[in-house]
Amino acid sequence: MKKLGLLILPLLVSLPAFAQEVKVTTVTVPDTYWEDASDANSKVLNKTEFKDNWFLGIQAGSMMSWGNNSSETDFLHRQNPAVGLQWGKWIAPWMGFRLTGIFGRNNGQLVNPDNIYHFTTYGANFDMLFNLTNMFTKYKENRKFNLVAIVGAGYNHTTNYDEDVQDRLEMGKTRKPNLFDVRAGIEGIFRLGECWDLNVEVTNNWLNTNFDAQPTGNRYDGHIDLLLGLTYRFKNHDGSHQFTYAKYNASRYDYLNDEVNRLRAEAEAKKNAAPIINIQKQHVEGNLVRTLISFEDGKSNIDQLQEVNVYTAAEEYKKLGEASIYITTYGDAKAANQELFAQRANSVKTMLMNDYFIPAGNIFVENNPQVINNINAKNIVVVYINE
């Protein structure tokens, strides 16, 4: 019965002997986004885990080589088929990384005599992805198009040169099949649905002049990849397939309304017994707000029914604006069990930070309540913890 009074602020129960009535108030929470007051009231993203925001995609398109004598070949003859695979993760709405693999055909150009030859290219790269749309505008969960910059490096292997030109290329003397690759490009991402994207990208790859097996005075050879892809975004730990903004969750307090109704029925059934009721009272003295959180004997975890009191402290903090939250023991003296008090205070502080996004620098733990009484600050929320 002690916990009953600490949990439900508006519940007043007594018997006909005291000529009072049972009063029940439903806890409601507005269905709005959490906002960060320190960042121009911008919406706050939900916390993610390492397994969140991974994606896998397939690609197909064209690989166009450039380098020695490439100007001697017309544009269409320089286009060759290519297929690719990408696997990666978005670390934040504006930045991610991926591993890519590509397989394609390339061609080179000989002069004197004029001859086009072909060879195969395998490539693997690590790319950093920078979402330019989200970097320069605010992230939107339902945005249909994003423009992404690509910067990467990796490895290319060349093989299967046409037999009729291998003697002219002096393959045994000059060919270096394994080459370091640096690349950059741009990608457009079109959102198709909850978990599917359509990708179009153009990437230029710089390689050593040996790429086409014609080492010359040119510093670089390379290839341009034009790829169309389909990407699947894997499900996150919370069931979404992308970054989401944090909302007040009104349904999480439905159990409190059920508990109020249960307690009302229990009180009605005990009209002939005098109940022991300890009612939590919250009052405001100027800009000072007090609230009480009760723990079970010897325990430091926050009971599910006590979460509403943590929510109350967070809401009062938000109303006061630039405020400080002090967590201290209930009474006039230090807690007898300092270790248990520290564990309980840490539980409250952790929930305020993780569930209600209150900065750690605004939350203070003080085991001497007399110190709190002497603080001269403009806005204070004091959270008392039972002994």
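1. A friendly place to start is the largest cavity, which has a volume of about 320 Å³. A cavity here is a set of points, on a 1 Å grid over the protein atoms alone, where a 1.4 Å probe fits but cannot get out. Its volume is the space filled by probe spheres set on the points, with grid points joined across faces, edges and corners. In all, the structure holds six cavities of 30 Å³ or more.

2. Before going further, please keep in mind that this is a predicted model, in which local features need pLDDT of at least 70 and side-chain atom pairs count only at pLDDT 80 or more, while totals for chains, interfaces and linings use all residues. Residues are numbered from 1 along each chain as its sequence is written, and side-chain values use heavy atoms, with hydrogens and water left out.

3. Back to the largest cavity: 21 residues line it, and Tyr139, Asn146, Asp197, Arg233 and Gln242 lie nearest its centre (lining residues have an atom within 4 Å of a point). β4 (79–92) and β8 (178–191) are the elements that give two or more residues to this lining, and β8 gives the most, with three residues. Strands are DSSP runs of E with at least two residues and helices are runs of H or I with at least four, numbered from the N terminus.

4. On the chain as a whole, the secondary structure comes to eight helices and 15 strands. Of the 387 residues, 45% count as buried (buried means under 20% relative accessible area, exposed over 50%, partly exposed in between, with a 1.4 Å probe and protein chains only). Residues 24 or more positions apart account for 70% of the contacts with a separation of 6 or more, a contact being heavy atoms within 4.5 Å.

5. Confidence deserves a look. The chain averages a pLDDT of 80, and 76% of the residues score at least 70; pLDDT is the predictor's confidence in each residue, from 0 to 100. Over residues 1–27 pLDDT stays under 50, and the model has 60 contacts beyond four places in sequence for them. Where pLDDT is low, the predicted coordinates should not be read in detail.

6. Asn53 is found in the loop between β2 (42–43) and β3 (54–66) and is buried, because its relative accessible area is 7%. Phe357 sits in the loop between α7 (338–356) and β14 (363–365) and, at a relative accessible area of 25%, is partly exposed.

7. Two further loop positions are worth a visit. Ala213, in the loop between β9 (196–208) and β10 (220–233), has a relative accessible area of 1% and is therefore buried. Its C-alpha atom is separated by 8.6 Å from that of Gly108, 105 residues apart along the chain.

8. Is Gly298 buried or exposed? At 61% relative accessibility, Gly298 counts as exposed; its place is in the loop between β12 (288–293) and α6 (307–320). Leaving aside neighbours within four places in sequence, Gly298 is in contact with Leu340 and Arg344. Gly298 and Arg344 are 46 residues apart in sequence, with 9.9 Å from C-alpha to C-alpha.

How values were computed:
On a 1 Å grid over the protein atoms alone, a cavity is a set of points where a 1.4 Å probe fits but cannot get out, and a pocket is an open set with protein on both sides within 12 Å along at least five of seven lines; lining residues have an atom within 4 Å of a point.
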